[in-house]
Amino acid sequence: MLNQRLIEKNMSVYRCSKLSGIPYSTLRDLLQGKTQIGNCTADTLYRLSKILDVSMEELLLESKEYRCNFETFKSNVCHYVKVEGDIDFIVETLQSRDIRQYWDRKWYPEAFYMLAMVDYLSRENNLPLCEDYDDIRSCSLKEPLYPRDVSLAAKISPELDQREQCKKEAIPEFKRFNIMESEVRDVC
């Protein structure tokens, strides 16, 4: 997929590296399949998406055989919001139809997370909700999905279980889908 994108852009790996600021060796490893695109940092995905004129999600979706873990996905989305800004994130996400693509692939946590992020940012910016996803808004995950560290702590010891606190602090738009997310702005 990346090779095809470079060909369409009439761009060499070297030129892509220079224009994007991504190390040549990183790009070479991606093109040769030594590195999976889902294992790239959010910064690398962002730079690559900009140079290739595609969204970060599109890069991940086009690598059909790969589905990154949900914690990496969440981190990438939060970084993307931080870099793009609320309004641009909303516009790009709605224009790309990424939410529907995740839904159609039955990647429900990703679809719900993206929709929750769009709804949350819309509320924060006093924007109306996009009605295209009302069918998805009527659904949710069967089991609550907690951040990995909260889930692990609960498995280790009852004294470390913070799931109830996490549920209380969850952002309403995420909690609607049974995703216990309380912090989307504080990303490194």
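Arg28 is partly exposed, at 31% relative accessible area. By that I mean between two limits: buried is under 20% and exposed is over 50%, using a 1.4 Å probe and protein chains only. Arg28 has a partner. Asp29 forms a salt bridge with Arg28, and their closest N and O atoms are 3.8 Å apart. The term needs a cut-off: a side-chain nitrogen of Lys or Arg within 4 Å of a carboxyl oxygen of Asp or Glu.

A word on the source. This is a predicted model, where local features need pLDDT of at least 70, side-chain atom pairs count only at pLDDT 80 or more, and totals for chains, interfaces and linings use all residues. Residues are numbered from 1 along each chain as its sequence is written, and side-chain values use heavy atoms, leaving out hydrogens and water.

How many salt bridges does a search of the whole structure find? It finds 16.

Why pair at all? Side chains of opposite charge can pair when their charged atoms come close.

Next, helix α4, residues 42-52. Helices here are DSSP runs of H or I, at least four residues, numbered from the N terminus. Asp43 and Arg47 both sit in helix α4, four residues apart, about one turn. They form a salt bridge, with the closest N and O atoms 2.9 Å apart. Asp43 is partly exposed at 41% relative accessibility. Arg47 is partly exposed too, at 33%.

Now Arg163 and Asp161. Their side chains meet in a salt bridge, 2.7 Å from N to O. Arg163 is partly exposed at 34%. Asp161 is partly exposed at 30%.

How values were computed
Helices (H or I, at least four residues) and strands (E, at least two) are DSSP runs, numbered from the N terminus.
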